[in-house]
Amino acid sequence: MEQGPSKGLHDVSLMSHDRRLAGRPRLCSDCGLCDSWLRPQMADTCLFVRNRMEEIESRLHGRRRHPGDEMRFGIYREQAILRMRRPVAGAQWTGMVTTLAARLLERGEVEAVILTGTNPGTRFEPLPVLARTPEEVRACVGNKPSLSPNLGLLDQVRESGIRRLAVIGTGCQVQVLRQAQDQLGLERLDVIGIPCSDNVTYADQQFFLDTISSSPRTVVHYEFMQDFSLWLHHEDGHRERVNYIDFPMDKLQGIFPSACLSCFDYPNALADLTIGYMGAPLGWQWVLARTARGVELLDLLRPDLESRPLSEAGDRTRGMPRFIAMLAKRPGKPPKLIRQLIAFLQRRRGPRGLEFARAIIEMKLLRNYTYVRDKFPQMEEKIVPYHVYEATRPYAAEYAATFGRAPGEGLEQA
Ligand SMILES: Cc1cc2nc3c(=O)[nH]c(=O)nc-3n(C[C@H](O)[C@H](O)[C@H](O)COP(=O)(O)OP(=O)(O)OC[C@H]3O[C@@H](n4cnc5c(N)ncnc54)[C@H](O)[C@@H]3O)c2cc1C
Ligand code: SF4
Ligand code: SF4
C-alpha cells in the first residue's frame, strides 16, 4: 500500500504509479476507450482533447441549454425527487440504478449492460462488467468510488454481436461514448448517468480512507452527504461522520487526477437519465430525465417509486465570495473552533435541496476552471465548455477582483 497520494500536490499528471496507464495524456480519466478498438479515434473522441458538450447536446436535444438551472444541471425534460419504495440491499442510495438496469434485461429491452462491479478480494476496487443477466447486474450494486475503465468493454460488445446496449457511467465516460456512438453499430443505446466529481484512482481511494477514517479497513459504505459531512458505515454497523471542513485538504489535494480537476460535467448532462442524490433531501434520489428515451426509462421504474416535491432552502450566493477567495489560497485547515462554527452554520443555514446542488456544482465549476487556467492555460478554449462561462457569470466581478480576469475574459467563445 502506498503511503501517500500517488502524485505530488502540484503535479499535473494522471497517476504516476499505475503502469497500465504509462504513455497516456496527462489529462485522462481512464474512461476505457483507449483500451478498446476505438483507441485510434482518441483525438476525435476524448473530452480532454476537445470538449464536445455543445455539439452533442445539439444532436440529442436540438438546442443549447436555457439560461438558469440548465446551465448547471444540463438539459432536462423532467426533474424529480424519488426513491425506491423498497430500497435494494447494498445499494448506494435506494437502488434505482440497479433496479432499472436489471429491468432492461428482464424485459429484453437490451441484451447487455456495461456497469461497474467489484474486483474479487477487495471491497472497493472497480471492475468493469458486461452483464447479460439481471443477477449479474444486481451483483454490481453500490459505488466503487474510483476510476473504472468501463468503455474498454466495447471490444466485448462488438465481439459478442450485441446490438442493444445499456451503459451506466460517469460524465466523462458518457461524453466519450456519445461521441463514439455512431461507430458502435448499435440499434439501441440507453445511457444511465450517475453524477460524478473528484474521482480518484483505487490506490488514492485507499489513501483517502486511511487519511479520513479512524478504521479504514472496516468501512463498508461511504457517501459525501448533503449535510456537509462524509458518512462512513463500518462492518459492525456504527457510523462515523467527518465534516467536510475537517478534511485535511493539504494532504488530500494531491489525490485528484488532473482530468477530474479539469472536468465540467458533474451532473452527467449527456445521459438519457441521470440518477444522483445531491438535489434531494437526505435519503432521497435526485433524478433528471433528459431525452425522450430517458422519460421512458423512468416510466419503467415508476411503479416501484415514491416521490416528494422538489424543494430548496438557503442562498448559495452568500458564501460564494468567500469560496472564490479560498480558491486563491493554498489549501489548509482553519483552527478547530472556527471549523466547528462553520460546520454548525453549514448544517443550519447552508443551502439545501436544489440550492445545495446548485452550490456544489458552481463551486466545482469555479474550482476546476481555476485549475485549468492555472495548469493548462493553452487548453482552455478546447476543454472548457460554454456553460461554465454562463453558469459562473453571476460571480464574474468577484472572480476578476481575486484573479485579475473574469472567467472567459478575452476568449472568443465566452
Ligand atoms: C465516484 C462517484 C462519485 C459520485 N458523486 C456523486 C455526487 O457528488 N453527487 C451525486 O448526486 N451522486 C454522485 N454519485 C452517484 C451516487 O453516489 C449513486 O451512485 C447514484 O445516486 C445511484 O444510486 P443508486 O442507489 O441508484 O445506485 P446502485 O443501485 O447502488 O448502483 C450503483 C451503480 O453505480 C455504478 N458504479 C459504481 N461505481 C462506479 C464507478 N467507479 N464508475 C462508474 N460507475 C460506477 C455501478 O455500475 C452501479 O450500477 C457518485 C458516484 C460515483 C461512483
Ligand atoms: S479519457 Fe478515455 S478517451 Fe481520453 S485519453 Fe483517457 S482513456 Fe482515452
Ligand atoms: S470527475 Fe469527471 S473526469 Fe473524473 S471520473 Fe468523474 S466524470 Fe470522469
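Let me begin with Pro-87, which is found in the loop between β1 and α4, where strands (E, at least two residues) and helices (H or I, at least four residues) are DSSP runs numbered from the N terminus. This is a predicted model, in which local features need pLDDT of at least 70 and side-chain atom pairs count only at pLDDT 80 or more, while totals for chains, interfaces and linings use all residues. Residues are numbered from 1 along each chain as its sequence is written, chains are lettered from A and ligands numbered from 1 in the order in which they are written, and side-chain values use heavy atoms, with hydrogens and water left out.

Is Pro-87 buried or exposed? Pro-87 counts as exposed because its relative accessibility is 53%; buried means under 20% relative accessible area, exposed over 50%, and partly exposed in between, with a 1.4 Å probe and protein chains only. The C-alpha atoms of Pro-87 and Thr-99 are 9.7 Å apart, although 12 residues separate the two along the chain.

Asp-190, in strand β5, has a relative accessibility of 1% and therefore counts as buried. Leaving aside residues up to four places away in sequence, Asp-190 touches, among others, Leu-104, Asp-272, Arg-293 and Leu-297, where contact means heavy atoms within 4.5 Å.

Arg-293 and Leu-297 bring us to helix α10, residues 292-301, whose buried residues are Arg-293, Gly-294, Leu-297, Leu-298, Leu-300 and Leu-301. They cover an arc of only 150 degrees around the axis, which puts them on the same side of α10; the arc is that of the directions from the helix axis to the C-beta atoms. An α-helix has 3.6 residues a turn, so residues three or four places apart point the same way. The cover over the buried residues of α10 includes β1, α4 and β5.

Finally, which residues are closest to ligand 1? Of the 29 residues that surround ligand 1, the closest are Trp-93, Thr-98, Lys-144, Tyr-266 and Tyr-277, a residue being near if one of its heavy atoms lies within 4 Å. Helix α4 supplies the largest share of this shell, three residues. An oxygen atom of ligand 1 is 2.7 Å from an N or O atom in the side chain of Tyr-266, and a nitrogen atom of ligand 1 is 2.8 Å from a polar backbone atom of Ser-146. The protein covers 96% of the 910 Å² of accessible area that ligand 1 has on its own, by the Shrake-Rupley method with a 1.4 Å probe.

Notes
A polar contact is a pair of N or O atoms within 3.5 Å; within protein, one must be able to donate a hydrogen and the other to accept it, and residues adjacent in sequence count only if both atoms are side-chain atoms.
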